[in-house]
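Please read the points below beside the model, which is a predicted one.

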Amino acid sequence: MPQKPKQRSWIRGLALLSILVLLTGSSPAAQQPPAGQASEGPQSLHLMVGRSLVITSPTRIKRVSLADPSIAEAIVVSPYQVLVNGKAPGGVSLLLWDESDQSQAFEVSVDIDILSLSEKIHEVFPNEPVQVETSKDAVMLSGKISSAAVADKILEVVKNATPKVTSLMEVPVAPYGEILLEVKFAEVDRTLISQFGVNLLGLPNSKFQGTTSTQQFSPPQLLSSTSTASNGTTTTSTSLNNIGVSNLLNIFLLRPDIDLAATIQALQERNVLQILAEPNLLTATGKDASFLAGGEFPFPVIQSTGASGSFPAITIQFKEFGVRLNFTPTLRADGLIHLKVSPEVSSLDFSNALTIQGFVIPALSTRRVTSEMDLKDGQSFAIAGLVDNTVTATFEKIPGIGDIPILGKLFQSKSVNKAKDELMVLVTPRIVMPLNPNQVPPGPTFPIPFLGPATTEQPKPPGE
């Protein structure tokens with residue numbers, strides 16, 4: 001009976017398959033790898049320092065090999081399981097063999113545990129988008145940070161955890177420009193002096209001769225005159241013409257009929273001192289600048305010669321005084337100007353001067369302020385309220401008689417000195433840009449011409 005077309009095609013395919021098997025000699029057993037070779041490529045394992053993981057094998061484990069035990073540690077905990085512990089950052093190879101000498105390879109990467117470090121950074125700096133990554137034994141920081149100061153603090157925190165840190169953090173760049181500081185000093189010094197005292201003097205040739213004084217103001221003095229007679233006799237006498245008055249501002253009263261004279265010290269003095277300075281200083285960001293409007297006064301300094309019996313040498317040093325300004329501006333990336341300013345006003349104080357061997361050395365009256373602040377371009381701040389009120393009162397009297405009502409006023413003296421200093425400093429920082437060569441401003445306009453215009457006329461030779 002004839003075969004059908006489908007049966008003939010199936011028989012033909014089976015015959016071709018048998019011929020292919022006989023020609024190649026292959027079988028399922030021949031496709032397996034020989035003993036002692038790895039069945040597949042190495043697998044990657046990621047592990048943190050101080051952490052562990054377990055490798056489970058489908059067959060019984062015969063041998064274990066670890067390339068560097070200082071990076072990781074492999075412990076066989078059962079015939080089918082191996083425990084791997086991370087010890088130090090780095091990479092290491094791990095090989096496992098079963099009982100049929102089939103090997104299995106692993107590439108173990110041990111990294112630093114940055115989970116706790118990242119949580120700590122985001123806890124301390126919650127508004128900073130810091131990204132923490134590891135590469136073997138190094139930590140990489142990235143992200144856009146608000147300022148360079150914050151980036152330095154983040155880097156310091158990470159360095160306390162691991163010494164190898166690579167910073168890829170981006171910080172804003174401060175704008176370019178110079179800082180112009182406009183400063184105004186205003187000082188008012190008011191002084192009020194009030195003095196009152198009475199000195200009594202008994203006139204010569206009276207029954208009662210003498211003086212009464214509280215020693216606060218110089219009393220009048222009886223001066224003696226000496227005369228020599230023709231016979232060689234010398235006599236000393238006093239008269240009304242020999243009364244010495246040292247203070248010309250005193251009020252001198254004389255009653256010859258009662259042989260009594262008196263000097264009265266009654267004085268009121270008012271002084272007003274005003275100082276105003278408006279310095280303008282220009283400096284680069286982060287650089288110090290200073291200004292002084294005043295002068296220097298000589299100050300003697302005694303130098304020891306070291307030799308016994310020799311006179312000490314005196315050298316002269318100069319001390320500065322006046323209106324001084326020291327400031328350091330820093331232009332920040334957010335456009336603010338961080339300013340450290342130290343204004344100072346000093347003047348010579350002769351009321352507290354020191355006299356040494358005829359040399360008068362004045363003292364220095366100084367008012368100084370140091371402050372730091374952040375300002376925008378054109379904003380101003382004022383340092384005010386620096387008020388110094390000083391009251392000096394001296395009261396002297398003669399005991400006993402000075403306590404008598406009304407009459408005791410003649411045996412009392414007083415001096416009151418009131419001083420009030422007020423200082424105000426107004427500071428305005430500004431950001432300025434240097435001018436281009438074609439933007440040079442014109443110079444000052446002089447009311448009187450300094451020099452006439454230059455002429456190109458050649459001088460004539462002599463004789464023409």
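1. A pocket, as the word is used here, is an open set of points on a 1 Å grid over the protein atoms alone, with protein on both sides within 12 Å along at least five of seven lines, and its lining residues are those with an atom within 4 Å of a point. On that basis the largest pocket is lined by 22 residues, and those nearest its centre are Asp189, Thr191, Asp349, Ser351 and Ala419. Its volume is about 620 Å³.

2. Several strands share in the lining of the largest pocket, with at least two residues coming from each of β11 (178–202), β18 (260–277), β22 (337–356), β23 (359–368), β25 (381–397) and β26 (412–432). The greatest contribution is that of β22, which gives 6 residues. By residue class, this lining holds 6 nonpolar, 9 polar and 7 charged residues.

3. The second largest pocket, with about 210 Å³ of space, has a lining of 9 nonpolar residues, 1 polar residue and no charged ones. Pro300, Val301, Ile302, Pro312 and Gln357 are among the residues that line this pocket.

4. Ile316 lies in strand β21 and counts as partly exposed because its relative accessibility is 47%.

Definitions and conventions
Residues are numbered from 1 along each chain as its sequence is written. This is a predicted model: local features need pLDDT of at least 70, side-chain atom pairs count only at pLDDT 80 or more; totals for chains, interfaces and linings use all residues. Side-chain values use heavy atoms; hydrogens and water are left out. Helices (H or I, at least four residues) and strands (E, at least two) are DSSP runs, numbered from the N terminus. Buried means under 20% relative accessible area, exposed over 50%, partly exposed in between (1.4 Å probe, protein chains only). On a 1 Å grid over the protein atoms alone, a cavity is a set of points where a 1.4 Å probe fits but cannot get out, and a pocket is an open set with protein on both sides within 12 Å along at least five of seven lines; lining residues have an atom within 4 Å of a point. Grid points are joined across faces, edges and corners, and a volume is the space filled by probe spheres set on the points. Ala, Val, Leu, Ile, Met, Phe, Trp, Tyr, Cys and Pro count as nonpolar, Asp, Glu, Lys and Arg as charged, and the others, Gly among them, as polar.
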